[in-house]
Amino acid sequence: MKNMLKDAAILFAITLISGLVLGFVHNLTKEPIAAQEELKKNEAYRNVFSDAQRFEASDVTSQEATQLVTESGFDASVEEMANAYDSADNLLGYVITVTDHEGYGGDITFAMGVRLDGTLGGVSILSISETAGLGMRAEEVLVPQMPGKNLSQQISYTKSGNPSGSEVDAISGATITTNAFVNGINAGRIVFTQMLQGKGES
């Protein structure tokens, strides 16, 4: 009986110490991790809106936007939205951060910059875990095709190697990744055309 109590006390002490150490490590790393994530987000915003001087959170909530996206049939969610302003405080457009849940390896999260006229300033991938040499080529193959695309019509993809104005050339051998990426863009398009377009313009 004494041995059982002793063993239980030792186990409790080990568990308590482990919990305290884990809590300490979590608190120690929480701020640096948050700072790195904020830095990565700001860098993505600059990538999709190089001429913007500042960004401000949108008054349209991500919950409202996600509801619209899911009601429109997309398996995606909107993480954040921000207004982009120039040095004279003129509104340039919006940054919409989208996560599409249809990737071959899981979620694909990216920021997309949409100008007031509906053209894409660019796309910056924040998180992706697709197959190496295939879906992971999204940054190399799909992202460079996005600047200048107009969201007045839905974006699609082709395997022809000769995409039209509203199409992107698919990643060879990675149709699932291409489809997820394009669906994410179109989810952001819905948010822009139905919730943001014309908002804040004088």
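In what follows, buried means under 20% relative accessible area, exposed means over 50%, and partly exposed lies in between (1.4 Å probe, protein chains only). The model is predicted, so that local features need pLDDT of at least 70 and side-chain atom pairs count only at pLDDT 80 or more, while totals for chains, interfaces and linings use all residues. Residues are numbered from 1 along each chain as its sequence is written, and side-chain values use heavy atoms, with hydrogens and water left out.

**Salt bridges**

A salt bridge is taken as a side-chain nitrogen of Lys or Arg within 4 Å of a carboxyl oxygen of Asp or Glu.

Arg 54 and Asp 89 link distant parts of the chain, 35 residues apart: Arg 54 belongs to strand β1, and Asp 89 to the loop between β2 (76-85) and β3 (91-103). Strands here are DSSP runs of E with at least two residues, and helices are runs of H or I with at least four, numbered from the N terminus. Salt bridges join Arg 54, Glu 56 and Asp 89 in a network. Each member is partly exposed: Arg 54 at 28% relative accessibility, Glu 56 at 37% and Asp 89 at 46%.

Asp 51 is partly exposed at 35%, as is Arg 115 at 24%.

**Glu 130**

Glu 130 lies in the loop between β5 (120-127) and α3 (138-141). This residue is buried but has no salt bridge, and the nearest side chain of opposite charge, Arg 137, is 13 Å away. Its side chain instead has a polar atom 2.8 Å from the backbone nitrogen of Tyr 104 and reaches the backbone nitrogen of Gly 105 at 2.6 Å. Beyond neighbours within four places in sequence, Glu 130 is in contact (heavy atoms within 4.5 Å) with residues including Gly 103, Ile 108, Met 136 and Thr 177.

**Helix α4**

Helix α4 (residues 175-196) has 22 residues, of which 16 are buried. From first C-alpha to last, α4 reaches 30 Å, close to the 32 Å expected at 1.5 Å a residue, the expected span being 1.5 Å times one less than the number of residues. Gly 198, with a positive phi near 85 degrees, follows α4.

How values were computed:
Lys and Arg count as positive and Asp and Glu as negative; His and the chain ends are not counted. A polar contact is a pair of N or O atoms within 3.5 Å; within protein, one must be able to donate a hydrogen and the other to accept it, and residues adjacent in sequence count only if both atoms are side-chain atoms.
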